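Hi,

Here's the structure I said I'd pass along.

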Amino acid sequence: MSSDSKPAALLSEVYRLAGERDWDAVKARVHPDFILYEAESLPFGGEWKGKDALQRCAAAMYATWEEASVNIHEITGGEEWAVVVLSLTMKSKKTGRTFTQTVNEAARFDDGLLKELRIHYFDAAEVTAEAGEAA
């Protein structure tokens, strides 16, 4: 496996393309059996399946907040898995408060395609409490 086909490099490319909102290019790097897992307690939680799952989940996540931004700190990986450490800063529609969560996202690849993404928030309860429409 060449270094550019290692999971960390592949995940970095997926995040770059998603950040550019080049969803067709993202879909080309996603396995047909892709599944994304968000904590069930989140307003955008659950299992998101299919080649467009990343796009649909991102749209739902961003729509939850008045503002949201991602800052990727590092991506590292092995032969099958890669992990990204990022900060997600959100402004609540419900409370108006801006807060930041550390998020770790574990990605598994199969034949060079993103097959699974498991998203872990530092404090999913805080995210859930801040989510929602303003009163």
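The largest pocket holds about 390 Å³ of space. Of the 22 residues lining that pocket, Y15, A58, Y62, V70 and E105 are the closest to its centre. For the terms: on a 1 Å grid over the protein atoms alone, a pocket is an open set of points where a 1.4 Å probe fits, with protein on both sides within 12 Å along at least five of seven lines, and lining residues have an atom within 4 Å of a point. The volume is the space filled by probe spheres set on the points, which are joined across faces, edges and corners.

This is a predicted model, so local features need pLDDT of at least 70 and side-chain atom pairs 80 or more, while totals for chains, interfaces and linings use all residues. Numbering starts from 1 along each chain as its sequence is written, and side-chain values use heavy atoms, without hydrogens or water.

What is the pocket lining made of? It splits into 18 nonpolar, one polar and three charged residues (Ala, Val, Leu, Ile, Met, Phe, Trp, Tyr, Cys and Pro count as nonpolar, Asp, Glu, Lys and Arg as charged, the others, Gly among them, as polar). Helix α3 (53–64) gives the most, with five residues; helices (H or I, at least four residues) and strands (E, at least two) are DSSP runs numbered from the N terminus.

On the strands, β1 (residues 30–38) runs parallel to β6 (residues 113–121), with four bridges, and I35 stands opposite E116. β1 also runs antiparallel to β2 (residues 46–49), again through four bridges, with L36 partnering W48. Pairing takes at least two DSSP bridges.

Cheers
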